[in-house]
Amino acid sequence: MKQHTFKTNIHCENCIKGISPFLNQEIEIESWQVDTAHEDKLLKIESDLDEQTLVEIIEKAGFKAELIHTP
């Protein structure tokens, strides 16, 4: 399982509520969390999905995502 980190525009609890159904319904996503206190609003996702697929899921939910780290 890889951890992917994205810079996003998810900045509050309402945003988290908005993206939750999209991330929670994807069975290939093991876990995820958003750090809204970080200036880049980091979204960390543990998944074997490729980065482009994850970006598409995030964008489908109405948010922006820029990959910044995948070990």
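**View 1. Buried residues of helix α1 in the predicted model.** Cys-15, Ile-16, Ile-19, Ser-20 and Leu-23 are the buried residues of α1, where buried means under 20% relative accessible area and exposed over 50% (1.4 Å probe, protein chains only). They line one face of the helix, because seen down the axis of α1 they fall within an arc of 140°, the arc being that of the directions from the helix axis to the C-beta atoms. Asn-14 and Lys-17, on the other side of α1, are exposed. The cover over the buried residues includes β2 (29-35), β3 (42-47) and α2 (51-60). Helices (H or I, at least four residues) and strands (E, at least two) are DSSP runs, numbered from the N terminus. This is a predicted model, in which local features need pLDDT of at least 70, side-chain atom pairs count only at pLDDT 80 or more, and totals for chains, interfaces and linings use all residues. Residues are numbered from 1 along each chain as its sequence is written, and side-chain values use heavy atoms, with hydrogens and water left out.

**View 2. Ser-20 in helix α1.** Ser-20 has a relative accessible area of 16% and is buried. Its side chain reaches the backbone oxygen of Ile-16 at 2.6 Å. Between Ser-20 and Ala-37, 17 residues apart in sequence, the C-alpha to C-alpha distance is 18 Å.

**View 3. Thr-8 in strand β1 (residues 2-8).** Thr-8 is buried, at a relative accessible area of 10%. A polar atom of the Thr-8 side chain lies 2.6 Å from the backbone oxygen of Lys-41. Neighbours within four places in sequence aside, Thr-8 is in contact (heavy atoms within 4.5 Å) with Asp-40, Lys-41, Leu-43 and Lys-64.

Definitions and conventions
Polar contact = N/O pair within 3.5 Å; in protein donor to acceptor, adjacent residues only side chain to side chain.
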